[in-house]
Amino acid sequence: MTSTLSARYRAAGGRYDAAVDASGAPRPGWERLLAALDHIGPSELDRRQRAADRLMLAEGAGMLLHDGTEEVLRPWRLDAVPLVFGREAWDTIAAGLVERAELLREVIVDLHGPRELLRAGIVPVEALAGHATALRTAWSQTDPPRLLLAGADLVTDASGRVCVVRDATDVATGDGHALLARAIVERVLPRDPTRLGVAGHRPYTRALRSALAAAAPEGRDSPRTVVLVGPPDEPGYVEHAYLATQLGYHLAETADVVARQGRAWLRSLEGLEPIDVLLRRVPERALDPVEDDQVGDEGVAGVVEAVRDHGVVLANPHGTGVASHLALLPFLDEASRFLTGRSLTLPSLPALWCGDADQCASVLASPERYVLHDLEVPGRPVAVVLQGQDDGVLAGWLARLRERPERYVARPSVPLGTAPGYVDGSGSLRPTPVALRTQVLLGGDGPVVLPGGHGRVLGPEAGLETGLVDGPSGVAKDVWVLDPERRARVRVAVPAIPQVDMRRSLPTRAAEAMYWTGRHAERAETAARLVLACLGRTAGVEVSGVDAVALASALRLTTGVAPVNPLGRESGVDLGPESGVDLDVEVRAALAGRLASVSGSLRALVTSARGARQLLSGGTWRLLPMLDDEAATLDRLAKAPDLATFEATEALDGVLVPLAALAGLTAESVVRGPGWRFLDLGRRLERALLVLGLAETMLDPPPPSPGESLRLEVVLAACESLVAYRRLYRSDVRVDAVADMLLDDASNPRSVRFQLDQLAVDLHHMPDRSVRRQQLAAVRSAGHALDAHLPLGGEGARSTGSPGSPGLVTGVAEVVLATRGPLLDVGRLMSGGWFSERLRRVR
Amino acid sequence: VTRRYQVHHRTEYRYGEPVAVGHTVARLVPRARLPHQTLVSASVTVDPAPTHAHQHVDGLGNVLTYVTVEEPHDLLAVTATSEVEVAPPPAPGELWLRPWEEAVAATASDRSDDGLMARLCRLDSPHVTRHRDLREFAAASFLPGRPLGEAATELTEHIHQGFEFLPGATDVSTPVLQVLDERRGVCQDFAHLLLGALRSLGLGAHYVSGYLETEPPPGEPKLAGADASHAWVGLHLAGSGWVDLDPTNGLVRPDRHVTVGWGRDYSDVAPVRGVVFGPPAEQKLSVSVDVVPL
């Protein structure tokens, strides 16, 4: 191959590049990867980058990056080009990370008890002012928190030295990202990781599982661990969800967990199920609203007390966060000498705590050299680059710094090291600054380091000039630690055994999410089909007043608003063009704008499906971004001055394909446990109600003569029954036959009768609770209502469908009325009976 | 003269509708060992009966009682009863008579347990933020070189005389600067104000929660804040501990105050706080405090 990908790659001036030296020659460990990239070539690499983006988007549906205070949301991406470490270089880093993690563990113990670091003056107590929890909380007097997982952010300075930017001891995230990035890179660079011999992540996940099992309170047989996370809209949710899947643990949102009787419990459909270990991915300040120093009232009330009671174990425990307080960083090396007699081998990037008069004076003397970190909210420091600020702004910062110096940490700007990146799609490799999030597990069987960790390409804010590394980053990197021995090994995928059997144990919130996923999916599908049928059959056709009213009413009812009911509708008098109905307006509103419009239902579907992430198959995640995109398209079309029928038709077709795929995936790829039953219940209930609504608006009053089949064809198309009808009846569309097919035909999967049968089957498979008996009774009485009113009265009703008979029916309104009531009860009982445990706080 | 008091402190929450579960943290047990205070006995009872009750000592040395009620209840009553001996406070350390700037310097370099806490109590806390207006307010009494005791006494009396004790005019979240501006509030506000003033000068001062005798001895006026929890300030003197200042009553080194807890400000020592689960209805809080000499 003669590609020049690597030949054209040059380090940026004045910076250390991980891959090549100043002359452009590859550094040890990079030769094989650069050769492999050359072999792939730019256009193929481009294709693979796009594949990585697609896979990441699919996996990360809903994972958005909160861009600082501006709340800009953008999806994470993954650079197809990994970051590489040679074995020896990595072993040195890993040893330094272990040493550091063990030090931090001791620092945490000391600050919660003996406080020798403070008494000896190694760490000034004022540096911890913003993080005084450790010094004040109740359990400081009993057993101090033990650090289990220590994260660190690493960068390379201009000399190529690897330095720690900050530690992450509260919630040491990043391991889920690392696993996810590897899974994607293994697909876009197939065989490459193993051919080069890349250290795998499995020893880490295995050690994590056994460390968590060992951490369980005494006397618990087969302890249950869950991954505790915040709500799905939090950044990091997808990473944690991915980690939970890989570990075989339940993902539990804080709303799924309650503390009772000194223990923690998972709220499930069967009641409360005990939890022994919580792998904590919720910051300690949002963990338990009963405790001091909590921000807001989120979290699991009482869980910290359950920990003090030894009823449940948190990993990491609350209280470990103090070790990652940025103001501690300048004192860490001295703390190491004090506690262990050694200096840290892995240095920290220089940092000055301004509470120290000398250090503050250095910063005030030449502020343009520094990045200032405001630690008012310790978990979320605000960083500002002082260089290049205009005079007024700079003076403001310096005044605040003089006023409350102990609140600030300053760092000299340093040129950060780079590594080759491809993500910008420019056709060549570019040197990009990279930070690395590493993980050390301090389990009982000795420390385990995740090989490599999670790479982050630093955004332009981090700049090549500023050394600002805490800024938002939107691009991940897989990190390879070359392990030549590994090449010889055969990879055997050993799936982790799920610790929780989702067929029997279903969190209440997940059940609710499944139910609404089913309902919104059905609503979106029927509404899309109805609008499509309206567009297709009314274009260029003069629609009579009564038909227009019927269509408008059907559109409204299907999208969740009251039907049109102008004077004369009951009498069946043709209102002509005076009906006052503007179908164009109705179609637009049904497309977008209303809460239950096609677009609104799609968005609601995506939101619900995210909450049911664990129960839906992986393929589902690829559909959600598509549905989101289609919703945006519909919004745009509905807002355009002229409704473009062709584009709208195309867009609706585009909606129906992923919806059909979703229906197929849920039918074929989801275990038939209670979770699936809730989804199916939602779908069946929604479909029954929508078909009743369509029958009510479109069949009553019946079309005056058999030839006028516009309404009947639309209703059949909306219910996906037109082809079936033609096969069955081989005739003009007749209202009696249509009514029979949509309401009573137990073999038509779109009929109300069919839905009732399925609802009964679903309910029989649900846990035995009184609400289930009430719902079964309601479904039965809906069935009785159908029995009592069908066949419909009127000439030719229930006839064989032979041509010639007029096929008028009466009584549609009555059967709809009698059937709908009990079905609405089923829905009400759903929210009130199965999901009512949702708790609210009042104090 | 050592006095003995019985303290009875009852807190009631009425929720309007039954709540299912409630977690409550109460800081109601007086400090057991102070130079001038001995705890004879203490009990905290909760109605309905909690499924979980545990006492902890927090990092500041305060006793907190953690209770969980797990049955439907529309009334929660927390009753604390204790018997306490209060002696006149010991004479303040030497720094009391020295220029106040010396106390600032002494606290800044104090690495004793008390000193570490006092150094945190020179900085900002959730309810008390240092400010130049507060520094100016304090500077009228804290003239350069003036003895600490003289200046602190004057500032304490200045708040007592210049500010109106007016229950209902403020609440827990009223900022100190507003209290300074409007010149009215309750004991909590005056304690926060004095803390803010002292901290703005660089002195270490903590918030003290506790009680006053309900009925004064014959012939003496009833003190403000006697029918509920009271709050005042402890000023740090490196090497000798804390000197109590009650700005609400203009008292320096009061000898009839029962100390329950201390912290950086109210947020560290709130008598009763917690979380309940249940329908969102209006909750009503009522508190009664009786301090009877034995």
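# Exercises on a predicted two-chain model

The accessible surface of chain A comes to about 32,400 Å², and carbon and sulfur atoms account for 53% of that area (Shrake-Rupley method with a 1.4 Å probe; for residues, only the protein chains shown count as cover). This is a predicted model, in which local features need pLDDT of at least 70 and side-chain atom pairs count only at pLDDT 80 or more, while totals for chains, interfaces and linings use all residues. Residues are numbered from 1 along each chain as its sequence is written, chains are lettered from A and ligands numbered from 1 in the order in which they are written, and side-chain values use heavy atoms, with hydrogens and water left out.

## Exercise 1: Chain A as a whole

Find what share of the 843 residues in chain A is buried, and count the helices and strands.

*Solution.* Start with burial: 59% of the residues are buried (under 20% relative accessible area; exposed is over 50%, partly exposed in between, with a 1.4 Å probe and protein chains only). Next, the count gives 26 helices and 21 strands (DSSP runs: H or I of at least four residues for helices, E of at least two for strands, numbered from the N terminus).

## Exercise 2: Looking for disulfides

How many disulfides does the structure hold over all chains?

*Solution.* A disulfide is a covalent bond between the sulfur atoms of two cysteines. Here the test is a pair of cysteine sulfur atoms within 2.5 Å. The structure holds 0. Take A:Cys360: the nearest cysteine sulfur, in A:Cys354, lies 4.8 Å away. A:Cys360 is buried, at 8% relative accessibility. Now turn to B:Cys187: the closest cysteine sulfur, in B:Cys121, is 18 Å away, too far for a bond.

## Exercise 3: Two packed helices

Describe how H14(A) and H21(A) pack.

*Solution.* Two packed helices are described by the angle between their axes and the distance between the axes. Helix H14 (residues 508-538) and helix H21 (residues 710-718) of chain A meet at about 145 degrees, with axes 8 Å apart (lines fitted to C-alpha atoms over the stretch in contact; angles run from 0 to 180 degrees between N-to-C directions). Then look at the residues: the contact (heavy atoms within 4.5 Å) includes A:Leu530 and A:Ala533 of H14(A) and A:Val714 and A:Ala717 of H21(A).

## Exercise 4: One arginine

Is B:Arg256 buried or exposed?

*Solution.* First locate B:Arg256, in the loop between strands E13 (251-252) and E14 (257-263) of chain B. Its relative accessible area is 18%, so B:Arg256 is buried. Finally, among the residues that B:Arg256 touches are B:Tyr5, B:Tyr211 and B:Glu220.

Technical notes:
Lists of a residue's contacts leave out its neighbours within four places in sequence.
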